[in-house]
Amino acid sequence: MSFRKVVRQSKFRHVFGQPVKNDQCYEDIRVSRVTWDSTFCAVNPKFLAVIVEASGGGAFLVLPLSKTGRIDKAYPTVCGHTGPVLDIDWCPHNDEVIASGSEDCTVMVWQIPENGLASPLTEPVVVLEGHTKRVGIVTWHPTARNVLLSAGCDNVVLIWNVGTAEELYRLDGLHPDLIYNVSWNHNGSLFCSACKDKSVRIIDPRRGTLVAERERAHEGARPMRAIFLADGKVFTTGFSRMSERQLALWDPNLEEPMALQELDSSNGALLPFYDPDTSVVYVCGKGDSSIRYFEITDEPPYIHFLNTFTSKEPQRGMGSMPKRGLEVSKCEIARFYKLHERKCEPIVMTVPRKSDLFQDDLYPDTAGPEAALEAEEWVSGQDANPILISLREAYVPSKQRDLKVSRRNVLSDSRPAVAPSSARLGASTSAVATHTTAPSGSLAGAGEAGKLEEVMQELRALRALVKEQGERIGRLEEQLGRVENGDA
């Protein structure tokens, strides 16, 4: 394997990975042995979810991130499926909602209690039935609330409105063979898929049309992966005809690869994880004991090898923490949750910096948990980029709203009708709503009004002071950056 020997300037050249100490791992987890090329792990800033072995059905563990150490065998699981769970995905707009796909041909959506599970969870908020074979892929829409995509071994892609428990789109003629993976683009207007027929496709789900297709993207017969990058390009992993593992970068038309690199001749499927804020792709091979990372740039050769994190134990699966769950003060740019046979080990990726000030160049504004669109707006043809948040201040999320499901006729403009309790989907029956608290009462008397005015004046003075200090810190950081770079 040959990489360019010329030293290229990059702030990610010295990124290093470090496993956490043993007492911060999650021990004694019986990771699922099912033969499916899923990550088996999903993580968000509140919870870690891992698909586990279960007798007589399918189950996955949901642990608060703080619950490290040995996990009791009797720890409650999410166990409503009648067949093994194949894929799980946390909702990007609600840290307490997770979707799961299973061999029992159903997709289930679960609401996790705020402090984690105290007893086994067997009742999903909603059951989505539409596939005729096992469901191996579930992935949420990046910007529209309650829109979920599922793909099954029946070669059908279904898009659901979870808020009304209805099927929005059925795409059943576009994939002639097993779908390996599906990835939404930045604003959720398109998705790309990798298929067993060796083709990579870009699909418009609302029109049900093929936007672009590349046959024989990778010549090998083993599983491929395709993910959308922020600028519309597509990054793929696969195998050559000689069973060597490959990475490739494609323009949005999927005509010729802009870059193609061969890695090695191992046989585990390569799972790519992409960070749109830093344009770094992390590649983890199933059964490997390493994580390779590459920077994607606009100049040839486009895919620049950065480094490799290696450990002794092979990985069964891998989860990736969203950017808003990272420790900004430690210059952490990624965190992975590596599954061993009996445990889950967090691995922290850090950019070494001498300064302990906030690093603007490492942390541009990133996608926050607020949805940019409602499901109905997306269906009507609207698109929106993710709503961005700054990581400079410790971010405090708004109160999570419970996922509730109403059965209603989307064609009518009337208020959502409440479903009978014996509805087929067995879902909750009130419309999705944000719970807001009314003011407890109005202020009485001029004295109280005067006090309020006093408080408001103090608040305004405090705001002005904070703004002034922020500007001062910005100037100092700029001066420090010039000193470190030798410009001053």
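**View 1. Confidence along the predicted chain.** The protein chain has a mean pLDDT of 87, with 88% of its residues at 70 or more; pLDDT is the predictor's confidence in each residue, from 0 to 100. Over residues 409–445, pLDDT stays under 50, and the model has 38 contacts beyond four places in sequence for this stretch, a contact being heavy atoms within 4.5 Å. Because this is a predicted model, local features need pLDDT of at least 70 and side-chain atom pairs count only at pLDDT 80 or more, while totals for chains, interfaces and linings use all residues. Residues are numbered from 1 along each chain as its sequence is written, and side-chain values use heavy atoms, with hydrogens and water left out.

**View 2. The open sheet β8-β9-β10-β11.** Here four strands pair antiparallel in the order β8-β9-β10-β11. Strands (E, at least two residues) are DSSP runs numbered from the N terminus, and two of them pair if DSSP finds at least two bridges between them. β8 (85–90) and β11 (126–129) stand at the edges with a single partner strand each, so one side of each is left without a neighbour in the sheet. On average, neighbouring strands of this sheet are turned by 20° against each other, direction ignored; axes are lines fitted to C-alpha atoms, and angles run from 0 to 180 degrees between N-to-C directions. Look inside the sheet for β9 (residues 97–102) and β10 (residues 106–111), antiparallel strands joined by five bridges. I98 has W110 in β10 as its bridge partner.

View 3. Seven bridges join β26 (residues 290–296) to β27, and the bridge partner of R292 in β27 is T308. P301 lies in the loop between these two strands, β26 and β27. A cis peptide bond joins P300 and P301, with omega about 0°.

**View 4. A positive phi at N155.** N155 sits in the loop between β13 (147–152) and β14 (157–161). Phi of this residue, which is not a glycine, is near 65°. Most residues other than glycine have a negative phi.
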